[in-house]
Amino acid sequence: MSAAAPAELILDTGPAANGGSCVARHDGRVVFVRYALPGERVRARVTGDRGSYWHAEAFEILQASPDRIESLCPIAGVDGAGCCDLAFADPVATRAIKGQVVANQLARLGDFTWDGVAEPVGDGAARGWRTRVRLAVGSDGRAGFHRYHSDELVTDLRCGQLPDGMLDGIEANRWEPGEQVHVVLDDDGHRHIVATTRQPRRTRAVEGADEAVQRAGERVWRVPVTGFWQAHRQAATTYSELVRQWSADAGATTAWDLYGGAGLFAAVLAEVVGPQGRVLSVDTARSASRAARAALADLPQIEILTDSVRRALGAARGGADIAVLDPPRAGAGREVIDLLAAAAVPRVIHVGCEAAAFARDIGLYRTRGYTVEQIRVFDSFPLTHHVECVALLSR
C-alpha cells in the first residue's frame with residue numbers, strides 16, 4: 001500500500017511535461033508540478049494523488065529559474081484563473097520549452113525524432129492576441145473564468161491574452177446563471193457578444209451581431225460568434241499560407257479538407273486544384289458548413305459536406321491527391337488514418353492542437369507507410385502551455 005501524499009513538498013523540478021507541469025520526484029515517486037519551470041526549487045501543495053504519481057502546484061519559489069518573470073496575466077496562477085498557466089515564464093523561453101515538450105511526445109508516442117522550438121505567430125506578442133473568448137456565468141449572475149479544473153469562477157476579467165477593452169462592461173452586467181457568454185472582436189474591429197444556454201437551448205445576441213467578420217488573405221467569412229475560428233488574430237493567415245506553401249507543388253486535382261470548419265483550408269485547396277478540380281470539405285457542425293457555403297460560393301469546385309470525417313471517408317469513391325486534416329484536440333485517431341492510408345492519399349497535411357494526440361497520430365501515419373517531410377510548431381497560444389503542430393507527410 002502506497003503512503004498517503006503529504007500536504008506540502010519541497011521539490012526540485014526537472015523537464016516540462018505535456019499539459020503545463022514540470023516533472024519532479026519525491027522518494028522515487030513522480031510529481032507533476034504546475035506553476036513551476038524546469039530547474040527550480042519550489043514549495044508545492046499536493047493537489048491530487050493518483051497512486052503511482054501525484055499532482056502539485058508550486059505556491060512558493062525557493063530558487064527561481066532565470067526564465068521566470070513577473071506574471072504577464074494579473075489573474076492567473078495559484079488560486080487564480082486557469083487562463084494563463086505559463087504567464088510567469090519569459091515568452092522566448094516558453095517557446096523553447098514547448099518545442100521540448102513536442103519533441104518528447106513525438107519520441108514517446110510517434111517513435112520520431114524532431115528537434116525544434118515553437119515559432120511565434122505574427123508579431124509574436126505574448127499579450128493581447130486572443131479575439132474569441134467564452135465566459136461562464138455563476139449562480140450570482142457574474143461572468144468569469146474557471147479556476148484550473150474547477151467549477152469555481154474568477155470574475156476579475158483582466159486576462160493577459162485579451163486586447164484592452166475587449167471585455168469592457170462585462171463585469172458590470174448580471175447574466176442568467178448557467179449562461180455562457182461568447183465575446184468576439186472580429187477582423188473589422190467590431191465587438192459581438194452572444195449569450196447561450198444549453199437547457200433549454202437558447203441563443204441571444206447582446207451586442208453586435210450573431211456572426212463575426214473573419215478574414216484570411218483576400219477572402220471574408222461570416223462565422224457564428226458561437227462557432228469555431230482560430231483564436232489568435234494572426235493564426236488563420238499563418239496556417240492557410242503554410243497549407244498553400246506545402247500543397248502548391250503537389251500537382252493535385254482532387255483534395256480533401258477534413259474537419260474543415262468554415263472552409264479556411266478549402267479556399268486554399270481550391271486554388272491548388274484549379275477550376276476543373278474538386279475539393280471535398282467535411283465537418284460535423286452545421287453552422288460551420290453554412291459559413292463555408294456562404295464564403296466559398298464563388299468556388300464551384302468545392303463541395304461542402306456536413307458529416308463525420310469517418311463516415312465521409314468510408315463512403316468516398318476514389319481517393320484524393322492531397323488531404324488536409326485539422327481535427328479537434330483528441331486528434332484524428334486510428335480509424336481515420338487507416339481510411340486515408342487505404343485511399344492511398346499521397347500527401348497529407350496534418351494539424352494538431354494537442355501535443356500527445358498529434359504525436360500519436362504521427363506514429364500511426366508512420367506505421368502505415370507515410371514519411372514525415374516537415375514539422376512546424378507554432379506558439380499560437382502565448383501565456384499558456386498549448387501549441388499548434390503542423391506536419392507534412394508523404395507516401
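1. Glutamate 119 stands opposite phenylalanine 378 in E20. This is a predicted model, in which local features need pLDDT of at least 70 and side-chain atom pairs count only at pLDDT 80 or more, while totals for chains, interfaces and linings use all residues. Residues are numbered from 1 along each chain as its sequence is written, and side-chain values use heavy atoms, with hydrogens and water left out. Helices (H or I, at least four residues) and strands (E, at least two) are DSSP runs, numbered from the N terminus.

2. The sheet. Eight strands make an open, mixed sheet in the order E6-E20-E21-E19-E18-E15-E16-E17. Two strands pair if DSSP finds at least two bridges between them. E6 and strand E20 (residues 371-379) run parallel and are joined by two bridges. Which strands stand at the edges? They are strand E6 (119-120) and strand E17 (302-306); each has a single partner strand, so one side of each has no neighbour in the sheet.

3. Helices on the strands. Helix H4 (residues 286-295) lies across strand E16 (278-283) and E17, at about 165° to E17. Helix H7 (residues 355-367) lies across strand E18 (322-325), strand E19 (347-352), E20 and strand E21 (388-394). H7 runs at about 5° to E21. Axes are lines fitted to C-alpha atoms, for helices over the stretch in contact; angles run from 0 to 180 degrees between N-to-C directions.

4. Salt bridges. The rule is a side-chain nitrogen of Lys or Arg within 4 Å of a carboxyl oxygen of Asp or Glu. By this rule there are 21 salt bridges. Aspartate 85 and arginine 34 form one, at 3.3 Å from N to O. Aspartate 85 is in the loop between strand E5 (53-63) and helix H1 (91-110), and arginine 34 is in strand E3 (residues 29-34), 51 residues apart. Are these two residues buried or exposed? Both aspartate 85 and arginine 34 are buried. Buried means under 20% relative accessible area, exposed over 50%, partly exposed in between (1.4 Å probe, protein chains only).

5. Glutamate 176 bridges to arginine 202, with the closest N and O atoms 2.7 Å apart. Glutamate 176 lies in the loop between strand E9 (153-154) and strand E10 (180-185), and arginine 202 in strand E12 (residues 202-207), so the pair ties together parts 26 residues apart in sequence. Glutamate 176 is partly exposed at 36% relative accessibility; arginine 202 is partly exposed at 33%. Arginine 311 and aspartate 307 also meet in a salt bridge, at 2.7 Å from N to O. Arginine 311 is partly exposed at 46%. Glu241, Arg244 and Glu271 are linked in a salt-bridge network.

6. Serine 240. This residue lies in helix H2 (residues 235-247). Serine 240 counts as buried because its relative accessibility is 5%. Its side chain reaches the backbone oxygen of threonine 237 at 3.1 Å. Leaving aside neighbours within four places in sequence, serine 240 is in contact (heavy atoms within 4.5 Å) with Ala216, Leu264, Phe265 and Val268.

7. Cysteine 73 is buried at 2%. Cysteine 353 is in no disulfide either; the sulfur of cysteine 389 is its nearest, 8.9 Å away. Cysteine 353 counts as buried at 19% relative accessibility.

Notes:
Polar contact = N/O pair within 3.5 Å; in protein donor to acceptor, adjacent residues only side chain to side chain. Disulfide = S-S within 2.5 Å.
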